[in-house]
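Colleague: Could we go through the strand pairing and the charged side-chain contacts of this chain together?

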Amino acid sequence: MTTYEADGPEGGAPGGGGAAGDCPAGIRQALAAHTTLTLAYTDDDGPQACAVLYAPGGDAATPLLYFVTAHSTRHGRALARPGARVAFTAQRDGQEWSGLTGLQGRGGCRELTGAARAAGWAAYTGRFPFVAGDARLRAALERTALWELRPDWLRLIDNGRGFGHKQEWRA
């Protein structure tokens, strides 16, 4: 695990706090602050990106992101491949460059089943209560694949703390 904070585009010093291997609190807070990932993947037709709603989960040592998508979508088919890897970003729309805050990441994806799906579904519906509150939507999404994205690299960009300020974490 490598964690560093830098006050500009270069350099960096050890930091981040928490137990060795833990994802820094600032990165976890940023994951919790956003709801939409732009998910980038590649398949036989080349690179592509899509937006998905996500719910954070896991713990400080193993952050997880849960999202729903059907196998019939291009990204669903790409994610179903063994060893599927993705890159992603999450940020709020309409930010000024001087206060831009967002995340970049990479990791592996897998479809959840059984108890893992139940735990992921609880996190997802806890994050998006309108899903549970709408019987038709809930039924449709319950029939759709639930995915776990397990990041192995995360970078928080926070220009509000200084232009180019970043904090990174590696699993």
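Modeller: Buried means under 20% relative accessible area, exposed over 50%, and partly exposed in between, with a 1.4 Å probe and protein chains only. This is a predicted model, in which local features need pLDDT of at least 70 and side-chain atom pairs count only at pLDDT 80 or more, while totals for chains, interfaces and linings use all residues. Residues are numbered from 1 along each chain as its sequence is written, and side-chain values use heavy atoms, with hydrogens and water left out.

Colleague: How many bridges pair β7 with strand β8?

Modeller: Strands (E, at least two residues) and helices (H or I, at least four) are DSSP runs numbered from the N terminus, and two strands pair if DSSP finds at least two bridges between them. Strand β8 covers residues 146–158 and runs antiparallel to β7, with L156 in β8 as the bridge partner of L103. The number of bridges between β7 and β8 is 11.

Colleague: Which residue meets D152 in a salt bridge?

Modeller: A salt bridge is a side-chain nitrogen of Lys or Arg within 4 Å of a carboxyl oxygen of Asp or Glu. The N to O distance for this pair is 2.6 Å, and the pair links strand β8 with strand β6, 67 residues apart. D152 is partly exposed at 27% relative accessibility, and its partner is R85.

Colleague: Is D43 buried or exposed?

Modeller: D43 forms a salt bridge with R74 at 2.7 Å, N to O. D43 lies in strand β3 and R74 in helix α2, so the pair ties together parts that are 31 residues apart in sequence. With a relative accessibility of 16%, D43 counts as buried.
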